[in-house]
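Here is a short tour of the model below, written to be read with the structure open beside it. We begin with the overall layout and then turn to the core, the helix packing and a few individual residues.

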Amino acid sequence: MSFEREIHAVGHHLQTHVHGLAEGQKDAYARSAFNRYYYSVFLKSRELFRALNPAWSKLPHADYPLILRGDVRKQLKKGWTRARKGGDGQLMRDAEAALRAVEALSGLLEKAYAIRVVADYEPEEVVDFSGGDRFSLKEVEITSAHAWRSQCDTFCSEIHSVWIQVNV
């Protein structure tokens with residue numbers, strides 16, 4: 001199992017054990033769950049970046065959406081244009097899906113990073129435990145955060161697959 005999957009598993013463990021804890025511990029575990037879910041997405045994205053351009057994997061977290069919406073998008077659009085000129089309808093459709101994945105992954109990284117910052121640096125922001133077995137931070141449900149990893153896997157796979165096709 002990859003390290004980012006292990007980090008995700010830690011987030012899930014924290015998420016499921018929150019409710020049996022004392023008040024102060026509940027808050028700390030909940031915040032840590034959001035943090036771990038963010039890092040599993042970040043690490044998976046960094047793996048993608050390393051495959052696309054190893055230098056990108058060393059960039060600060062906040063640069064990832066910028067690179068996706070800039071250099072990655074530009075290269076995929078070039079591939080789409082070449083596919084259109086060459087009459088490759090399948091590659092055009094794949095490139096369109098990858099371009100949507102670029103935007104979706106960028107948004108996911110921004111949202112996850114913002115919640116991670118709140119979880120780590122804004123203890124005055126209250127974790128809302130009024131949802132039964134669920135809890136939220138800044139209106140982001142923990143179940144949504146749990147799903148970040150599988151969404152990230154899908155987006156990274158779509159981007160990487162087309163990247164390889166258009167950069168051979």
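## Overall layout

The protein chain in this predicted model contains five helices and three strands. Followed along the sequence, these elements come in the order α-α-α-α-β-β-β-α.

The protein chain has 168 residues, and 40% of them are buried. Contacts across the sequence are worth a look too: among those between residues at least 6 apart in sequence, 70% join residues at least 24 apart.

## The nonpolar core

Which residues touch the most other members of the largest nonpolar core? They are F34, L68, V72, L76, L105, W148 and I159, out of 49 residues in that core. Two or more residues each are contributed by α1 (3–17), α2 (23–52), α3 (63–85), α4 (89–121), β2 (134–137) and α5 (142–166). The largest share belongs to α4, which supplies 14 residues.

Two packed helices are described by the angle between their axes and the distance between the axes. For α2 and α4, the axes come within 9 Å and cross at roughly 145°, and the crossing is left-handed. On the α2 side, the contact is made by R31, F34, N35, Y38, Y39, V41, F42, S45 and L48. On the α4 side, the residues are L105, L108, L109, A112, Y113, I115, R116, V118, A119 and D120. By class, the contact of α2 with α4 has 14 nonpolar, two polar and three charged residues.

Now turn to the other partner, α5. The axes of α4 and α5 come within 8 Å and also cross at roughly 145°, and α4 passes α5 in a left-handed crossing. The residues of this contact divide into 18 nonpolar, three polar and three charged.

## How α3 meets α5

What angle do α3 and α5 make where they pack? The angle is about 55°, with the axes 10 Å apart, and the two helices are therefore oblique to each other. Here too the crossing is left-handed, with α3 passing α5.

In this contact, L68, V72, Q75, L76, G79 and R82 of α3 meet I159, V162, W163 and V166 of α5. Sorted by class, the contact of α3 with α5 has seven nonpolar, two polar and one charged residues.

Most residues other than glycine have a negative phi, and most peptide bonds are trans.

K138 has a relative accessibility of 45% and so counts as partly exposed. E139 is exposed, with a relative accessible area of 77%.

K77 lies in helix α3 and is partly exposed, with a relative accessible area of 41%. K77 and V166 are 89 residues apart along the chain, and their C-alpha atoms are separated by 9.5 Å. V166 is also one of the α5 residues that meet α3.

R84 is found in helix α3 too. Is R84 buried or partly exposed? At 46% relative accessibility, R84 counts as partly exposed. R84 and E110 are 26 residues apart in sequence, and their C-alpha atoms are 32 Å apart in space.

Key: Residues are numbered from 1 along each chain as its sequence is written. This is a predicted model: local features need pLDDT of at least 70, side-chain atom pairs count only at pLDDT 80 or more; totals for chains, interfaces and linings use all residues. Side-chain values use heavy atoms; hydrogens and water are left out. A nonpolar core is a set of buried Ala, Val, Leu, Ile, Met, Phe, Trp, Tyr and Cys residues joined through side-chain atoms within 4.5 Å. Buried means under 20% relative accessible area, exposed over 50%, partly exposed in between (1.4 Å probe, protein chains only). Helices (H or I, at least four residues) and strands (E, at least two) are DSSP runs, numbered from the N terminus. Axes are lines fitted to C-alpha atoms, for helices over the stretch in contact, and angles run from 0 to 180 degrees between N-to-C directions. Angles under 35 degrees count as roughly parallel, over 145 as roughly antiparallel, 65 to 115 as roughly perpendicular and the rest as oblique. A crossing is left-handed if the near helix is turned anticlockwise from the far one by less than a right angle, and right-handed if clockwise. Contact means heavy atoms within 4.5 Å. Ala, Val, Leu, Ile, Met, Phe, Trp, Tyr, Cys and Pro count as nonpolar, Asp, Glu, Lys and Arg as charged, and the others, Gly among them, as polar.
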